[in-house]
Amino acid sequence: MERIIPTVFLQGYELIDENTIDRIQDIETPLILVEKFEDFKENVFWLKIRGIWALIGKIPPLKVEKGDIVLFKEKGNWGLFRFLKEEGEHVILEDAKGERKTKVPKEILEELELYGKVLRVQEKV
């Protein structure tokens, strides 16, 4: 007997360059990847970045935690960073490639437009 995996269709986007994200077709996704997230059809989406697919959960309702990779927008440009930890009035961030760390005041983090955190990365959808 063939086993059927329940799926849902989630919104899909593609990062064209640092300041442009375009809407693409909805992506069929196994339900098991998103069923634990509240209102997953509204709060979870796929983003294609240079040939790699990232499943993104919106902030809020999700909260940034230690080790999360976060999608943000600053001054019209999109970017990713890893949230490492809080130290008093500062936070320690790392670029998504893991090459550079930086210590910034919490106010700077609050000024960024945080869109979501990466829940999963894969080559194909």
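A salt bridge, as I use the term here, is a side-chain nitrogen of Lys or Arg within 4 Å of a carboxyl oxygen of Asp or Glu. I note at the start that this is a predicted model, in which local features need pLDDT of at least 70 and side-chain atom pairs count only at pLDDT 80 or more, while totals for chains, interfaces and linings use all residues. Residues are numbered from 1 along each chain as its sequence is written, and side-chain values use heavy atoms, with hydrogens and water left out.

**Entry 1: salt bridges**

I looked up the salt bridges and found that the structure holds 6. One of them joins Glu86 to Lys106, with the closest N and O atoms 2.8 Å apart. This pair links distant parts of the chain, since Glu86 is in strand S6 and Lys106 is in helix H2 (residues 106-111), 20 residues apart. I take helices (H or I, at least four residues) and strands (E, at least two) as DSSP runs, numbered from the N terminus. For accessibility I call a residue buried under 20% relative accessible area, exposed over 50% and partly exposed in between, with a 1.4 Å probe and protein chains only. Lys106 is partly exposed at 21%.

I then turned to Arg82, which forms a salt bridge with Glu94, the closest N and O atoms being 3.4 Å apart. Because Arg82 lies in strand S6 (residues 77-87) and Glu94 in strand S7 (residues 90-95), the pair ties together parts that are 12 residues apart in sequence. Arg82 is partly exposed at 25%, whereas Glu94 is buried at 13%.

**Entry 2: Lys103**

Which residues are linked with Lys103 in a network of salt bridges? I found Lys85 and Glu87 there. Lys103 itself is in strand S8 (residues 101-105) and is partly exposed, with a relative accessible area of 49%. Leaving aside neighbours within four places in sequence, Lys103 is in contact (heavy atoms within 4.5 Å) with Glu87, His90, Val91 and Ile92. I also noted that Lys103 and Glu86 are 9.2 Å apart in space, C-alpha to C-alpha, and 17 residues apart in sequence.

**Entry 3: aromatic rings**

I count rings of Phe, Tyr and Trp (its six-membered ring) as a pair if their centres lie within 6.5 Å, with planes under 30 degrees apart called stacked, over 60 edge-to-face and the rest tilted. By this rule I get 3 aromatic pairs. The ring centres of Tyr13 and Phe45 are 5.5 Å apart and their planes are at 85 degrees, so this pair is edge-to-face. Tyr13 lies in strand S1 (residues 7-17) and Phe45 in strand S3 (residues 44-49), so the pair ties together parts 32 residues apart in sequence. Phe45 is buried at 9%. Phe72 and Phe81 form a tilted pair, 5.3 Å centre to centre with 50 degrees between the planes; Phe72 is buried at 12%, and Phe81 is buried at 6%.

**Entry 4: Arg23**

I came back to Tyr13 and saw that Arg23 lies over the face of its ring, 5.5 Å from the ring centre; the rule asks for NZ of Lys or CZ of Arg within 6 Å of the ring centre and within 35 degrees of the ring normal. Arg23 also forms a salt bridge with Asp26, the closest N and O atoms being 3.0 Å apart. Arg23 is partly exposed at 44%, and Asp26 is partly exposed at 37%.
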